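Please look over the sequence and the structure shown here. The paragraphs that follow lead through them step by step.

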Amino acid sequence: MSEKNIKQELEDKFTYLKEAVIIQRKGRIFAQVPLDKFDEVFAYAVKQMRFLALSAITGLDRGDGFEVIYHLNQEGKILLNLSVGLSKENPEVKSVTAYCPSADIYERELMDLLGIKVSGLTAGHRYPLTDDWPKGEYPLRKDWKGPVRNREVQNA
Amino acid sequence: MHESGDVRIPIGPQHPALKEPESFLISLRGEKITASSVRLGYNHRGIEKACEERTYTQGLYLIERICGICSHSHSTCFVQAVEEIAGIQVSDRAKYMRTLIAELERIHSHLLWLGVAGHEIGFDTLLMYTWRDREVVMDLLATLTGNRVNYGINTIGGVRRDINSKQKEEVLKAIDILEDRTKYYIDLAKNETTLLKRLQGVGVLSHEDAKKLDAVGPTARASGIERDVRKDDPYAAYAELDFKVISVNSCDVYGRTLVRLGELMESFSLVRQIIRKIPEGPILVKSPRKIPAGQAVSRYEAPRGEDLHYVRANGTEKPDRVKVRAPTLANIQSVSKMLEDRYLADMPIVIAAIDPCFSCTDRLIAIYPDWVMPRAKNAPGTYLNCAGVPLAGKLRGYTPVGNIVAWETIRLKGIAWYKDKGIDFTSLNKRLTKLF
């Protein structure tokens, strides 16, 4: 399936994705998906369009809100980047581990580094910050300016 | 899942069998592993955040230092993304140079892995042999780039050093030697009973599991997944070069060994093709300081598998976001599957077989003051444990409260132990204090 066909199929199936799917170059498709429609688009991409492998999940702080980008690939060839915008006040996404078990570690990274809530994730170790990392500090947020030195050690 | 009746053994974060700090928790029933879990993050250095506060060129040097082995992988992956956003057309010669260093890096990394694998199964002769041979390619990299490890050859818009005809000859000579040696290792892998007995059927990752868990690189290719970014999504000069994707269906550590050995032979052929085909021309085009707003995902087949960088630019000279997904992070999740129902003694080689690079996987360190051992207010000589309970007795013959031993206690115990053996640091300390 070529990039054009993928774009066409997505736009035909989901009318709200008109003009939201961009072919940046060979093998790179970017699509901005509304938050409330994300589940169905993601499920369709994985189940019907066979974007079975998840390369990574990127989270970023846009300033006015957060953005989470799911980098899916089809047989290692075409990369479909589905991005979803989140509000600053209540950033929350649903876990995609049901579709891609490998998403687990990337979702924990979202929780630790950006403070994005991921619902439906099983209990487990945090990643990648230390267990005694202070609560409410998320290094990848734009307003976070480095750790406070000489912070009291919590469990010496 | 860990069950209550099983014996639990923590391995790491500091452990002689691990080359880098990571923590594994293993549940055992007899000698069989019933469950395992991994805690990552001990090497996190905050490189992604640091990149946001540096210019693209400064960030490039930082990115190169994510990993000490596949440094060229990360730097190439990053510059490719930046060049895509800025619309910079890199010259063909620069692309060939990048590919040349990439393949030499793969050779050095795979030889290193073969040695480590030998070491983990108690076959240290193999370690000595491969690491001796690896010096040939390390010297070659030093001749071409000026550095053995962090080559510093990439820059936005091309490469920083050219290759001359004398160097080309050197490369070809070295490749002949290495190919000869690799043929010997392949012969060894196929006939040496130690290797066959120790590696076959160990660390099995089925084709389905490898697919489900998104394994990458030699780990995936040893489970019959023919996936290689160099072929699937060609970058640099790979589209013009001829090579095979090596894959086997044995799904075990032995298969991972064969894949890497096969890839070494492919790399030799690639290096020869590059030397023959490298076009004339400039190695560098001028790049703007400010990169226009945009985003790009760049992929690269590192020695350990697919490396992925996401870069978002905002029109300034600093990136808005740099995301790095190193191959080990994709592969580490399959380790638990490989260990399931296997023997504890297989663990070192199974972990080594994905060729883990935890520095790549994590990317931050927290800065903390020294670990301070609290002392009782009324009696300064009495140390408290972290729960605030005074530690019983004097240090010698000291019995820990519960199972908590504080760092200070360990330090003092160490000093007391040396004193017992007739080594006293007190006088040395006094002399040092006088000096400063």
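Two residues are in contact if their C-beta atoms, placed from the backbone, lie within 7 Å. With that cut-off, helix 6 of chain B can be set against helix 11 of chain B. In helix 6 of chain B, the residues Lys168(B), Val171(B), Leu172(B), Ile175(B), Leu178(B), Glu179(B), Thr182(B), Tyr185(B), Ile186(B) and Ala189(B) take part. They meet Thr257(B), Leu258(B), Leu261(B), Leu264(B), Met265(B), Phe268(B), Val271(B), Arg272(B) and Ile275(B) of helix 11 of chain B. Sorted by class, this contact has 14 nonpolar, two polar and three charged residues.

Two packed helices are described by the angle between their axes and the distance between the axes. Helix 6 covers residues 165-191 of chain B and helix 11 covers residues 253-277 of chain B; the angle of their packing is about 160 degrees and their axes are 10 Å apart. Helix 6 of chain B is therefore roughly antiparallel to helix 11 of chain B. The crossing of these two helices is left-handed.

The model is a predicted one, and its scores are ipTM 0.93 and pTM 0.85. In chain B the average pLDDT is 86, and 86% of the residues score at least 70. One is residues 363-374 of chain B, for which the model has 33 contacts beyond four places in sequence. The other is residues 392-404 of chain B, with 15 contacts beyond four places in sequence. Where pLDDT is low, the predicted coordinates should not be read in detail.

How is chain B divided into domains? The assignment gives domain 1 (7-39), domain 2 (47-361) and domain 3 (372-436). Taken over C-alpha atoms, the centres of domain 1 and domain 2 of chain B are 27 Å apart. Between these two domains, 11 residues of domain 1 of chain B are in contact with 13 residues of domain 2 of chain B. On the domain 1 side, the elements that give two or more residues are strand 2 (23-29) and strand 3 (32-39) of chain B. Strand 3 of chain B gives the most, with five residues. By class, this side of domain 1 of chain B has five nonpolar, two polar and four charged residues.

Other helix pairs in chain B can be read in the same way. Helix 4 (residues 92-120) and helix 5 (residues 124-145) of chain B pack at an angle of about 160 degrees, and their axes are 8 Å apart. Helix 4 of chain B is therefore roughly antiparallel to helix 5 of chain B. Their crossing is left-handed, and the residues of their contact divide into 14 nonpolar, six polar and three charged.

Helix 2 (residues 56-64) and helix 3 (residues 71-86) of chain B pack at about 150 degrees, with axes 8 Å apart. This makes helix 2 of chain B roughly antiparallel to helix 3 of chain B. Is the crossing of helix 2 and helix 3 of chain B left-handed or right-handed? It is right-handed. In this contact Tyr56(B), Leu60(B), Ile63(B) and Glu64(B) of helix 2 meet Ser71(B), His74(B), Ser75(B), Phe78(B), Val79(B) and Val82(B) of helix 3. Six of these residues are nonpolar, three polar and one charged.

That leaves chain A. The secondary structure of chain A comes to three helices and seven strands, in the sequence order α-β-β-α-β-β-β-β-α-β. Along its principal axes, the C-alpha trace of chain A spans about 60 × 30 × 25 Å.

Conventions:
Residues are numbered from 1 along each chain as its sequence is written. Chains are lettered from A and ligands numbered from 1 in the order in which they are written. This is a predicted model: local features need pLDDT of at least 70, side-chain atom pairs count only at pLDDT 80 or more; totals for chains, interfaces and linings use all residues. pLDDT is the predictor's confidence in each residue, from 0 to 100. Domain bounds come from an automatic or database domain assignment. Helices (H or I, at least four residues) and strands (E, at least two) are DSSP runs, numbered from the N terminus. Ala, Val, Leu, Ile, Met, Phe, Trp, Tyr, Cys and Pro count as nonpolar, Asp, Glu, Lys and Arg as charged, and the others, Gly among them, as polar. Axes are lines fitted to C-alpha atoms, for helices over the stretch in contact, and angles run from 0 to 180 degrees between N-to-C directions. Angles under 35 degrees count as roughly parallel, over 145 as roughly antiparallel, 65 to 115 as roughly perpendicular and the rest as oblique. A crossing is left-handed if the near helix is turned anticlockwise from the far one by less than a right angle, and right-handed if clockwise.
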